[in-house]
Amino acid sequence: MTLYFVRHCTPEPPSARWSEPDRPLTQKGIEEARVVADYFARIGLGTPLIWSGTYRRARQTAEAIKREFPDSPIEFSPLIEPYLPVDALAGKLAEYSGASK
């Protein structure tokens, strides 16, 4: 199994306007996400599983990648959130790879 980790692209700065999980991508961030998606398409990823955290900016980044891969499944998981222990995430990755924990 090959993993590509993509951190969300450029979000709006913290402000009273949005809670931390709700901060969206900036226009620059949307364009960055398209560049990442285009790169993945050029290197021929096939039909990747797209797995994303649930924060708005992470979802927006994942959705931009999915537009290049319309047949790819996308999963939004709270296991990919800031400050969470990695044990559950490692277990989930093991499930996808067919490996044991």
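Predicted model: local features only at pLDDT ≥ 70, side-chain atom pairs only at ≥ 80, totals over all residues.

Biologist: What makes Arg57 and Glu20 a salt bridge?

Modeller: The closest N and O atoms of Arg57 and Glu20 are 2.7 Å apart. The rule asks for a side-chain nitrogen of Lys or Arg within 4 Å of a carboxyl oxygen of Asp or Glu, so the pair qualifies. Arg57 lies in helix H2 and Glu20 in the segment before H1, so the bridge ties together parts 37 residues apart in sequence.

Biologist: Why is Arg57 called buried?

Modeller: Its relative accessible area is 5%, and buried means under 20%, so Arg57 belongs in that class. Glu20, at 37%, counts as partly exposed, because that class runs between the 20% and 50% limits.

Biologist: How do you know that Asp38 and Arg42 are separated by about one helical turn?

Modeller: Asp38 and Arg42 are 4 residues apart in helix H1, which means a separation of about one helical turn. They also form a salt bridge, with the closest N and O atoms 2.6 Å apart. Arg42 is exposed, because its relative accessible area of 59% is over 50%, whereas Asp38, at 34%, is partly exposed.

Biologist: Let us turn to the pocket. What makes up the lining of the largest pocket?

Modeller: The lining residues divide into 26 nonpolar, 5 polar and 5 charged. The pocket has a volume of about 1100 Å³, and among the 36 lining residues the closest to its centre are Phe5, Val6, Trp51, Ser52 and Ile80. Helix H2 gives the most to this lining, with 5 residues.

Biologist: Is Pro70 buried or exposed, and how do you know?

Modeller: Pro70 has a relative accessible area of 61%; exposed means over 50%, so Pro70 is exposed. Pro70 lies in the loop between H2 and strand E2. By contrast, Ala64 in helix H2 is buried, because its 6% is under 20%.

Definitions and conventions: Residues numbered from 1 in each chain as written. Heavy atoms only, no water. 1 Å grid on protein atoms, 1.4 Å probe; cavity = no way out; pocket = protein on both sides within 12 Å on 5 of 7 lines; lining within 4 Å. Points joined across faces, edges and corners; volume = space filled by probe spheres on them. Helix = DSSP H or I, 4+ residues; strand = E, 2+ residues; numbered from the N terminus. Nonpolar A, V, L, I, M, F, W, Y, C, P; charged D, E, K, R; others polar. Buried < 20%, exposed > 50% of the residue type's maximum accessible area, 1.4 Å probe, protein only.
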